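Subject: Handover of a structure and notes on it

Dear colleague,

Please find below the structure that I am handing over to you.

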Amino acid sequence: MRLRIATAGRRILNTLVLGLLAGCASAPPKATASLVSISISPTDATIPVGTTLQFHATGAYSDGSTQDLTSSVSWSSSNASAVAITSSGLATGLETGQASVISAKQGSLTMSANVTATPPVLVSIAVAPANQSVTAGNTIQFTATGTMSDNSTQNLTSTVTWSSSNANAATISSAGLASAVTSNQSTTIFAKDGAVTGS
């Protein structure tokens, strides 16, 4: 009697297992979306020498979805001496006036963007001399030195806009010549060029 029950139980179990396997076998395979195209941003750009610009790659798939591929595509520059680019899409301007084509590739798909290296931009201004004392009626000449994005320097004394935070203490000319007005007062001298200011 026990043997018959055990045998019947096995038959039921086998039937259930076979049914589950049959159901799995009949289920259609899940489709995988394929990469259709790659887009790059920005598409046309300029990079001042000594500065960097991040490029991004976006993939469009057959199911209508998109995905950020910036870290997975292969980046390259047609003129690496003018504009270099890393494996993560970070470009650096190296040679003024030179153009390059930045490409992002994955598999057989490639997309490109144009980029041109432009002259270096002003990063900071140093004003000299610093922390000076001068008696009323005397003058002191200030100079402004600009540091560019390529680490070069320029004398900007005659081109910056000079100002004094306290004209009662000292005034300053457009050429950077400060004149002390009143003793025992202090002022801060500023040199400004565009959005960059030194003091």
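The model is predicted, so local features are reported at pLDDT of at least 70 and side-chain atom pairs only at pLDDT 80 or more, while totals for chains, interfaces and linings use all residues. Residues are numbered from 1 along each chain as its sequence is written, and side-chain values use heavy atoms, with hydrogens and water left out.

The sheet

Strands here are DSSP runs of E with at least two residues, numbered from the N terminus. Two strands are said to pair if DSSP finds at least two bridges between them. In general, strands of a sheet pair through backbone hydrogen bonds, either parallel or antiparallel.

Strand 4 (residues 56–61) is joined to strand 5 by three bridges. A60 has T66 in strand 5 as its bridge partner.

Backbone features in the loops

Most residues other than glycine have a negative phi, and most peptide bonds are trans. P129 is in the loop between strand 11 (122–128) and strand 12 (139–141).

N131 is placed in the loop between strand 11 and strand 12, and its phi is positive, near 50 degrees. N151, in the loop between strand 13 (143–148) and strand 14 (153–155), has a positive phi of about 75 degrees. Are these residues buried (under 20% relative accessible area) or exposed (over 50%), with partly exposed in between, using a 1.4 Å probe and protein chains only? N131 is exposed at 81% relative accessibility, and N151 is exposed at 67%.

A buried serine

S103 belongs to strand 9 (residues 99–106) and counts as buried because its relative accessibility is 14%. Its side chain makes a polar contact with the side chain of S112 at 3.0 Å. A polar contact is a pair of N or O atoms within 3.5 Å; within protein, one must be able to donate a hydrogen and the other to accept it, and residues adjacent in sequence count only if both atoms are side-chain atoms. Contact in the wider sense means heavy atoms within 4.5 Å. Leaving out residues up to four places away in sequence, S103 touches several residues, including I40, W75 and M111.

The nonpolar cores

A nonpolar core is a set of buried Ala, Val, Leu, Ile, Met, Phe, Trp, Tyr and Cys residues joined through side-chain atoms within 4.5 Å. The largest one has 20 residues, and among those with the most contacts inside it are F55, W75 and V115. Strand 10 (109–118) is one of the elements that give two or more residues to this core, and strand 10 gives the most, with three. Beyond its neighbours within four places in sequence, V115 is in contact with residues including A45, F55, V83 and I102. A second, separate core of 13 residues includes I125, L156, A191 and V196.

Yours sincerely

How values were computed: Helices (H or I, at least four residues) and strands (E, at least two) are DSSP runs, numbered from the N terminus.
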